[in-house]
Amino acid sequence: MPLEKTVNVGARISNGAWRSYTKNMDIMVVSVLEQSLINDTAQTLSKWCLDFGLITTSMYDLIRSKHDQNLKDKHIQILKNNNVIKNGEERVVNDFIHGFKTLHQQLAGTLDRMEKLEIIEYYPVYKGKVIGKEAPINLHENTVNKILQLERRLMDTYDVDDWYLQKVYNSPKSRAYRKDWKEQLAEITDENGVVLKLDYHFKLYAIILKARKKKIIKYLETYNKEAIEQFKKDEFLFLNENEVNYLEERKKVVVENAEKEEGNFLKPRVNKLESEFGGQTKNTVPTRSDYVYDEDYYALYFDRLYAQRIKELQEFYGHNF
């Protein structure tokens with residue numbers, strides 16, 4: 001059976017940072033909730049992002065390709081045909097998809113605020129994809145804990161973190177980590193000790209409406225009092241302008257994050273040196289010769305084109321005004 005809701009929302013997932021567009025996101029979500037236009041089944045945060053209008057259908061389809069190589073290949077070919085990316089730059093698409101983790105965290109923060117206002121109740125449902133089987137299975141709480149412990153243990157063993165595994169994807173220890181992870185994940189057992197043969201796992205969220213009416217006003221009174229008068233004056237205009245502001249600010253944040261990523265990648269790093277007299281350290285600036293694999297991808301950083309590619313991907317998959 002699904003893992004039951006036993007802890008506070010804020011304790012189990014990120015509250016979501018209050019970025020420049022977070023209030024805009026909140027209002028878009030509560031507007032959909034106001035109309036009761038939500039699915040009554042558990043969904044991924046990506047699907048909820050789509051339902052709340054935070055991403056486009058094509059963007060959602062791209063996110064889904066994370067676990068579907070045929071779908072990923074289709075998107076990559078479309079991007080090449082439209083001159084958004086070039087041969088050898090395919091990994092930047094994975095980075096773009098990975099960046100939605102931040103949006104997921106911010107939506108989780110939005111839902112947390114809606115729950116505190118008793119507009120909704122929501123809880124996670126943990127799923128696993130079994131090798132060779134089409135339909136996913138529900139995962140017991142004990143199984144989820146085993147998976148999380150395995151992930152932490154392997155990251156410690158290989159001295160890697162989420163950033164390293166994403167940015168230095170084809171390094172020897174990244175490949176070794178993924179191989180070990182895949183093998184050991186397949187050996188994870190359920191609550192009865194049966195080996196599940198998992199390929200990957202994921203989390204869905206079920207949302208249950210609680211407040212019956214005036215959800216937008218209830219939200220504004222707590223989090224955005226200065227907007228109440230404008231909302232009451234012209235609800236349609238208020239909601240339309242709010243959505244435009246969200247889309248504009250979201251694009252800016254995506255590009256800003258990519259620029260920071262580009263800058264951080266090129267910063268000097270601590271390099272540990274080995275010697276018979278003891279280890280030493282020094283700061284070294286990354287060079288092209290340090291990356292003898294995925295050269296076209298890493299060239300985007302050295303040529304200062306990485307943020308530009310992310311911007312072009314956001315524009316290609318984003319909303320059109």
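1. The accessible surface of the protein chain is about 17800 Å², and carbon and sulfur atoms account for 48% of it (Shrake-Rupley method, 1.4 Å probe). Please keep in mind that this is a predicted model, where local features need pLDDT of at least 70, side-chain atom pairs count only at pLDDT 80 or more, and totals for chains, interfaces and linings use all residues. Residues are numbered from 1 along each chain as its sequence is written, and side-chain values use heavy atoms, with hydrogens and water left out.

2. On the overall fold, the protein chain has 15 helices and five strands (DSSP runs, H or I of at least four residues for helices and E of at least two for strands, numbered from the N terminus). Of its 321 residues, 43% are buried, meaning under 20% relative accessible area with a 1.4 Å probe, protein chains only.

3. Now to a helix pair: the axes of α2 (residues 22-34) and α13 (residues 235-265) come within 9 Å and cross at roughly 130°. Axes here are lines fitted to C-alpha atoms over the stretch in contact, with angles from 0 to 180 degrees between N-to-C directions.

4. Who touches whom? From α2 come K23, N24, M25, I27, M28 and S31, and from α13 come F238, L239, N242, E243, N245 and Y246 (contact is heavy atoms within 4.5 Å).

5. A closer look at one strand residue: V125 lies in strand β1 (residues 120-130). V125 counts as buried because its relative accessibility is 8%. From V125 to L139 is 14 residues in sequence and 8.1 Å in space, C-alpha to C-alpha.

How values were computed: Buried means under 20% relative accessible area, exposed over 50%, partly exposed in between (1.4 Å probe, protein chains only).
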